[in-house]
Amino acid sequence: MAPRGFPYDDLQSFLDTLEAAGELRRVTVPADPTLEISEVVTRTVRAGGPALLFERPTRGDMPVAINLFGTEKRMAMALGVDSLDEIGERIGSLIKPELPVGWSGIREGIGKALQLKSLPPKRVKTAPCQEVVLKGDEVDLDLLPGLQVWPGDGGIFHNFGLTHTKHPETGKRNLGLYRLQQHSKNTLGMHWQIHKDSTAHHAVAERLGERLPVAVAIGCDPVVSYAASAPLPSDIDEYLFAGFLRGERVEMVDCLTVPLQVPAHAQIVLEGYLEPGERHPEGPFGDHTGFYTPVEPFPVLHIETMTMRKKPVYHSIITSKPPQEDHGLGKATERIFLPLLKMLIPDIVDYDMPAAGVFHNCVIVSIRKRYPKHAQKIMNAIWGAHLMSLTKLIVVVDEDCDVHDYAEVAFRAFGNVDYDRDLLVTQGPVDHLDHASYQQFWGGKAGLDATRKLPSEGYTRGWPDEMVMSPEVVALVDKRWKEYGI
């Protein structure tokens with residue numbers, strides 16, 4: 001059953017729902033966006049605590065909403081479901097009659113699902129996000145309570161800005177979630193990584209010698225905020241996906257000074273452009289990997305116009321060593337995209353991306369093993385599946401292993417492996433933020449076959465049976481448990 005108020009009109013309505021459910025706490029005392037808020041949020045996340053609304057940040061002109069997605073429960077509330085698996089099941093049921101083959105088929109499958117069950121964005125002429133308009137010298141990013149999260153950060157960062165661009169030649173829109181370093185009162189560093197679609201848009205604009213228009217929306221409704229983080233194929237519109245998740249069209253409004261559209265009910269919108277060829281040092285930044293990413297040159301967003309609501313709420317997120325709030329976002333992606341991954345690799349039963357592996361470092365996969373070296377086939381298939389190509393370690397277990405029970409997975413991986421035969425080592429692309437690879441963007445990967453080994457794989461000793469208590473004795477002890485007085 002969808003929570004009260006879903007689909008949410010805006011960020012405020014989601015906050016109201018969280019508060020009514022006891023999932024939001026208001027911090028009414030002053031708190032400093034430089035480091036102090038970060039420490040408070042980190043402790044709250046690690047205690048499994050609520051979403052927070054800092055009503056009196058000591059910098060900026062508006063409250064800060066944070067840790068909105070920090071638990072699976074709140075992530076499900078954000079997407080209007082009781083369980084995150086429900087969304088994946090909806091997608092799977094729509095495309096199941098015609099199982100496509102290969103990644104191009106996955107794109108077609110998603111497109112079919114969206115066409116069947118969602119509505120395109122709806123253009124409106126006026127919007128709450130444009131109640132206040134600041135132009136030229138009036139633009140001042142210091143109005144926003146941007147965060148410095150860690151002592152070694154290069155300054156203030158805006159960590160939940162939804163970045164809108166268009167392909168300069170095709171007009172195809174992209175919505176992405178990238179960190180934004182504040183360089184001055186009207187410029188931001190655009191940290192979009194090498195594998196991101198907006199990077200491709202910028203590369204085309206630079207080849208043409210043109211400015212690239214950009215619009216950043218801060219404080220959108222939670223479904224749109226999630227859609228910006230989802231690893232969709234480049235030809236799938238994020239707002240069509242958001243419409244599918246919401247079951248209702250997303251209202252969009254034309255920007256005032258750039259040829260882009262943004263969510264009408266956003267809290268704040270920044271409109272501007274990137275000058276071709278311009279770069280500025282960006283970083284360091286304490287990222288979700290748990291380490292500082294180094295200073296690198298990135299494009300600079302020049303903001304010409306800043307619009308906002310009359311009483312906006314600023315939305316942000318803390319990045320750190322896991323566990324942190326992005327666990328909820330990552331878990332949603334894991335569950336929503338499971339049916340699509342199973343379409344590409346039908347032998348997959350389930351998978352888990354541990355938060356400790358910051359999602360792309362490790363993937364645990366269970367399979368129905370049917371032939372020799374089946375696990376190795378699965379490993380290579382995963383490394384060929386869109387952004388799953390960035391996975392560094394794949395652990396493959398049998399279908400009777402619960403991939404979400406890390407103790408059970410470790411038992412299989414530690415005990416079922418002959419590292420001379422069951423370890424596959426290869427090379428391939430790694431995440432832009434990966435610090436362990438000896439060169440940037442590519443490095444070593446490993447696949448661990450922790451399945452039961454077959455005689456046809458050269459295992460001739462006869463695989464032993466795992467010890468399992470008889471059901472009759474389990475039932476007997478269940479019945480008599482209170483008698484034992486334990």
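At what angle do helix H7 (residues 222-229) and helix H8 (residues 238-246) pack, and how far apart are their axes? In this predicted model, the angle between H7 and H8 is about 135°, and their axes lie 9 Å apart. Angles over 145 degrees would count as roughly antiparallel and those from 65 to 115 as roughly perpendicular; H7 and H8 are therefore oblique to each other. Their crossing is right-handed. On the H7 side, the contact is made by Val223, Val224, Tyr226 and Ala227. These residues meet Glu238, Tyr239, Phe241, Ala242, Leu245 and Arg246 in H8.

Which strands pair with S20? One partner is S19 (residues 348-352), which runs antiparallel to S20 and is joined to it by four bridges. Here, Ser366 of S20 has Asp350 opposite it. Another partner is S21 (residues 393-398), which pairs with S20 in the parallel sense over six bridges. In this pairing, Val365 stands opposite Val396 of S21. To get from S20 to S21, the chain passes through helix H11 (residues 374-383), forming a right-handed β-α-β crossover.

Terms used:
Residues numbered from 1 in each chain as written. Predicted model: local features only at pLDDT ≥ 70, side-chain atom pairs only at ≥ 80, totals over all residues. Heavy atoms only, no water. Pairing = 2+ DSSP bridges. Helix = DSSP H or I, 4+ residues; strand = E, 2+ residues; numbered from the N terminus. Right-handed = clockwise from strand over helix to strand, strands pointing away. Axes fitted to C-alpha atoms, helices over the stretch in contact; angles between N-to-C directions. Parallel < 35°, antiparallel > 145°, perpendicular 65-115°, else oblique. Left-handed = near helix turned anticlockwise from the far one by under 90°. Contact = heavy atoms within 4.5 Å.
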